[in-house]
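This briefing sets out the structural features of one protein model, grouped by topic. Please consult it alongside the sequence and the three-dimensional view.

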Amino acid sequence: MEVSCLRVPNLISSMHFRHRRLFRPALPADLSPRRKPSLASPRTIAFSAVVRNQTDGPGGYAGEVLRNKLLQVVLVSPQIPGNTGCIARTCAASAVGLHLVQPLGYRIDDTKLKRAGLDYWPYVVVKVHDSWTEFKEYFKQQKGNKRLLAFTKRGTDIHSDFSYRSGDWLVFGSETCGLPPEALLDCSTAEMGGGTIRIPMVETYVRCLNLSVSVGIALYEAARQLNYAQLRLPHETGSEAQRLSSTEDIFC
């Protein structure tokens, strides 16, 4: 018997499965001109104006809240708004302060930045610094035990082998260039730094981990070693969060 005799003819035409757009009559709402969203909406104004407020110093309310954090996350020149938004959400979940060191690769009121952080921005204390030099001066003014820990693929310690402690500031560089030399140097000195740390990975096909993923890995390893003490501390209530979002360096 020839093989061709075993073939079953395709009796079902692909035309039967072709997607067809259903027709419906036009409604009055469809005929009215679409209104473009206002660029000056109250949420946009609050989001952009509050973050640029640099008047709060170490003694201000935001500075007081940041000092109560057992851990801090520092992003030096982040370039992708979605990454920063995801990191802010992680900071809100783990009760950690967030610092952004300019220049940034996006506008503070970037829509992608707000969307990635969803509705968690009012619960994240965010401090924006004009430069690494300005951030370094701010860091020196903070009281208590503190140290800067640089996360880099060339770090000397593996993140899970390193011993974290309360008062650590986890420093991460940009998605494109990593940490600048001056930041790496300051994180390595005995005066301010605690060393350089790396997250192990196979580099055969992957150049580096996503920034938000790296922050999550490092932050929760540090929190685990600290017995998640930060999560058991009393946190800002809704009214206090509203006060922060309207007066201090907070995304809202």
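α4 passes α8 in a right-handed crossing, where right-handed denotes that the near helix is turned clockwise from the far one by less than a right angle, and left-handed that the turn is anticlockwise. This is a predicted model, in which local features need pLDDT of at least 70, side-chain atom pairs count only at pLDDT 80 or more, and totals for chains, interfaces and linings use all residues. Residues are numbered from 1 along each chain as its sequence is written, and side-chain values use heavy atoms, with hydrogens and water left out.

**The pairing of α4 and α8**

- The axes of the helices α4 and α8 come within 8 Å and cross at roughly 20 degrees; axes are lines fitted to C-alpha atoms, for helices over the stretch in contact, with angles from 0 to 180 degrees between N-to-C directions.
- α4 and α8 are therefore roughly parallel to each other; angles under 35 degrees count as roughly parallel, over 145 as roughly antiparallel, 65 to 115 as roughly perpendicular and the rest as oblique.
- Asn83, Cys86, Ile87, Thr90, Ala93 and Ser94 of α4 meet Leu211, Ser212, Val215, Gly216, Leu219 and Tyr220 of α8, contact being defined as heavy atoms within 4.5 Å.
- Asparagine 83, in helix α4, is buried, with a relative accessible area of 7%; buried means under 20%, exposed over 50%, and partly exposed in between (1.4 Å probe, protein chains only).
- Leaving aside neighbours within four places in sequence, asparagine 83 is in contact with Glu175, Asn210, Leu211 and Ser212.
- From C-alpha to C-alpha, asparagine 83 and glutamate 175 are 9.1 Å apart in space, although 92 residues apart in sequence.

**Overall composition**

- The protein has nine helices and seven strands; helices (H or I, at least four residues) and strands (E, at least two) are DSSP runs, numbered from the N terminus.
- Of the 252 residues in the protein, 42% are buried.
- Among contacts with a separation of 6 or more, 78% are between residues 24 or more positions apart.

**Nonpolar cores**

- The largest nonpolar core has 30 residues, and those with the most contacts inside it are Val73, Leu75, Ile87, Leu98, Phe151, Tyr164 and Phe172; such a core is a set of buried Ala, Val, Leu, Ile, Met, Phe, Trp, Tyr and Cys residues joined through side-chain atoms within 4.5 Å.
- At least two residues of this core come from each of β1 (71-76), α4 (81-94), β2 (97-101), β3 (126-129), β4 (147-151), β6 (168-172) and α8 (211-225).
- α8 gives the most to this core, with five residues.
- A second, separate core of 15 residues includes Val74, Trp132, Ala183 and Cys187.

- Threonine 196 lies in strand β7 (residues 193-198) and counts as buried, at 11% relative accessibility.
- Not counting residues up to four places away in sequence, threonine 196 touches Ala150, Thr152, Gly155, Thr156, Asp157 and Ser188.
- Leucine 184, in helix α7 (residues 181-188), is partly exposed, with a relative accessible area of 27%.
- Apart from neighbours within four places in sequence, leucine 184 is in contact with Ala150, Thr152 and Leu179.
- Leucine 184 and leucine 148 are 36 residues apart in sequence and 9.5 Å apart in space, C-alpha to C-alpha.

**Backbone geometry in loops**

- Most residues other than glycine have a negative phi, and most peptide bonds are trans.
- The peptide bond from glutamine 102 to proline 103 is cis, with omega near 10 degrees.
- Proline 103 is found in the loop between β2 and α5 (111-117).
- Aspartate 130 is located in the loop between β3 and α6 (132-141) and is partly exposed, with a relative accessible area of 49%.
- A distance of 7.2 Å separates the C-alpha atoms of aspartate 130 and proline 103, which are 27 residues apart along the chain.
- Serine 77 has a positive phi, near 55 degrees; this residue is in the loop between β1 and α4 and counts as buried at 16% relative accessibility.
- Asparagine 227 also has a positive phi, near 65 degrees; this residue is in the loop between α8 and α9 (238-247) and is exposed, with a relative accessible area of 52%.
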